[in-house]
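Open the model in your viewer and keep the selection tool at hand. The tour moves from one selection to the next.

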Amino acid sequence: MSAAQPTMQARATSKASGIPGVKHVIAVASGKGGVGKSTTSCNLALGFAAIGLKAGILDADIYGPSQPKLFGLRGKPRQLGPRMLEPMERFGVKVMSIGFLVEEDLAMIWRGPMVISAITQMLREVAWGDLDILVVDLPPGTGDAQLTMAQQTPLAGAVIVSTPQDIALIDARRGIAMFEKVNIPLLGLIENMSSFCCPTCNHVTPIFGHGGARVEAERRGIPFLGEIPLDIQIRETSDDGRPIVATEPDGVHARHYVEIARSIWTAVSSGAASRPPPRIVIE
Ligand code: ADP
């Protein structure tokens with residue numbers, strides 16, 4: 001390995017330092033893709049704004065950035081001086097995504113070190129201003145990008161999103177184990193696509209099962225934050241860039257997200273979730 005290239009051990013033990021102006025950073029993670037992590041991150045960020053907090057979201061899902069679409073944002077962030085970028089803003093939330101900066105196909109072929117450098121820049125070279133909370137939408141899985149986040153960001157904690165069925169929970173367990181290993185507090189588990197209520201007959205069908213995430217959270221001794229149903233309105237509003245917490249704030253789904261945001265904020269702001277700074281040792 002060349003001298004210029006830090007070893008994993010050296011990188012892993014580098015010290016986390018704060019992001020100026022940002023009080024708390026939380027990560028939203030999932031063991032696998034397609035479980036609704038980005039939709040949940042977006043609506044949670046809006047939920048924080050709905051309870052009066054200054055909120056931002058960093059889309060670190062380099063391989064599949066969704067936040068520009070979810071927030072209905074287009075265009076490029078403004079450059080502020082030689083190194084800083086101004087985040088985009090919609091529905092009162094500051095948003096930064098690799099999707100604003102590069103063609104999606106390009107990011108898809110990046111190797112690990114490029115991914116790490118991109119995420120680090122988006123954390124540190126963006127003029128976030130004063131934020132109570134910054135939500136980081138992590139790429140799915142437990143790879144290099146997640147480890148980098150853990151070591152380079154003073155994370156107040158991590159939220160894991162899972163669907164209820166066993167196959168998704170197996171992956172969620174890996175996510176839980178990863179955060180435990182790097183000593184990041186687990187703020188809790190969210191069960192997404194928890195059940196389906198037929199809009200015509202109101203019959204509730206647990207398409208992916210129901211309650212699996214709650215049982216898993218209890219088994220692991222971590223908080224269970226709530227269930228979000230599988231619902232066409234959530235799908236349509238997300239995919240149309242009109243996220244449900246912003247566009248239907250009085251609806252039942254928005255209330256779920258806002259309540260979860262409130263629980264997370266209570267844990268983070270009371271310091272209930274705090275732990276010593278992470279020290280990662282990779283065997
Ligand atoms: P991930 O970030 O885990 O890959 P996404 O947030 O991109 O997943 O969601 C995948 C798809 O599922 C999107 O089309 C999104 O609109 C849809 N989706 C997410 N959560 C729900 C939900 N609770 N009800 C209905 N559709 C959902």
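Start by selecting S30 and K32. A polar side-chain atom of S30 lies 2.8 Å from the backbone oxygen of K32. That is a polar contact: N or O atoms within 3.5 Å, where within protein one must be able to donate a hydrogen and the other to accept it, and residues adjacent in sequence count only if both atoms are side-chain atoms.

Before going on, note that this is a predicted model, in which local features need pLDDT of at least 70, side-chain atom pairs count only at pLDDT 80 or more, and totals for chains, interfaces and linings use all residues. Residues are numbered from 1 along each chain as its sequence is written, and side-chain values use heavy atoms, with hydrogens and water left out.

**Stay on S30**

S30 sits in the loop between β1 (22–29) and α2. Helices (H or I, at least four residues) and strands (E, at least two) are DSSP runs, numbered from the N terminus. Is S30 buried or exposed? S30 is buried, at 3% relative accessible area. The cut-offs are under 20% for buried, over 50% for exposed, and partly exposed in between, with a 1.4 Å probe and protein chains only. Now show what surrounds S30. Beyond its neighbours within four places in sequence, S30 contacts V35, K37, P140, G141 and V161. Contact here means heavy atoms within 4.5 Å.

**Next, the ligand**

Select the ligand and its shell. The shell holds 17 residues, and the closest are G34, K37, S38, T39 and P229.

Which elements supply at least two shell residues each? They are α2 (37–50), β9 (186–197), β11 (224–230) and α9 (232–239). Helix α9 gives the most, with 4 residues. Colour the shell by class: 6 residues are nonpolar, 7 polar and 4 charged. Nonpolar covers Ala, Val, Leu, Ile, Met, Phe, Trp, Tyr, Cys and Pro; charged covers Asp, Glu, Lys and Arg; the others, Gly among them, are polar.

- S38: a polar backbone atom is 2.9 Å from an oxygen atom of the ligand.
- N192: a polar side-chain atom is 3.0 Å from a nitrogen atom of the ligand.
- P229: a polar backbone atom is 2.8 Å from a nitrogen atom of the ligand.

On its own, the ligand has 560 Å² of accessible area, and the protein covers 83% of that. Accessible areas come from the Shrake-Rupley method with a 1.4 Å probe; for residues, only the protein chains shown count as cover.

Keep S38 selected. S38 lies in helix α2. S38 is buried, with a relative accessible area of 10%. Not counting residues up to four places away in sequence, S38 touches D61, S66, Q67, L70 and D137.

Pick I264: leaving aside neighbours within four places in sequence, I264 contacts I26, L44, F48, V159, L187 and L225.

**Two positive phi angles**

Most residues other than glycine have a negative phi. Go to F91, in the loop between β5 (88–90) and β6 (93–97). F91 has a positive phi, near 50°. F91 is partly exposed, at 31% relative accessible area.

Then jump to N183, in the loop between α7 (166–181) and β9. N183 has a positive phi of about 60°. N183 is partly exposed, at 24%. I184 lies in the loop between α7 and β9, and I184 is buried at 2%.

**Last stop: M84**

M84 belongs to strand β4 (residues 84–85). M84 is partly exposed, at 28% relative accessible area. Not counting residues up to four places away in sequence, M84 touches R78, Q79, R124, E125, V126 and A127.

**Zoom out**

Show the whole chain. The secondary structure comes to 11 helices and 11 strands. Of the 283 residues, 50% are buried. Among contacts between residues at least 6 apart in sequence, 76% join residues at least 24 apart.

How values were computed:
A residue is near a molecule or strand if one of its heavy atoms lies within 4 Å of it.
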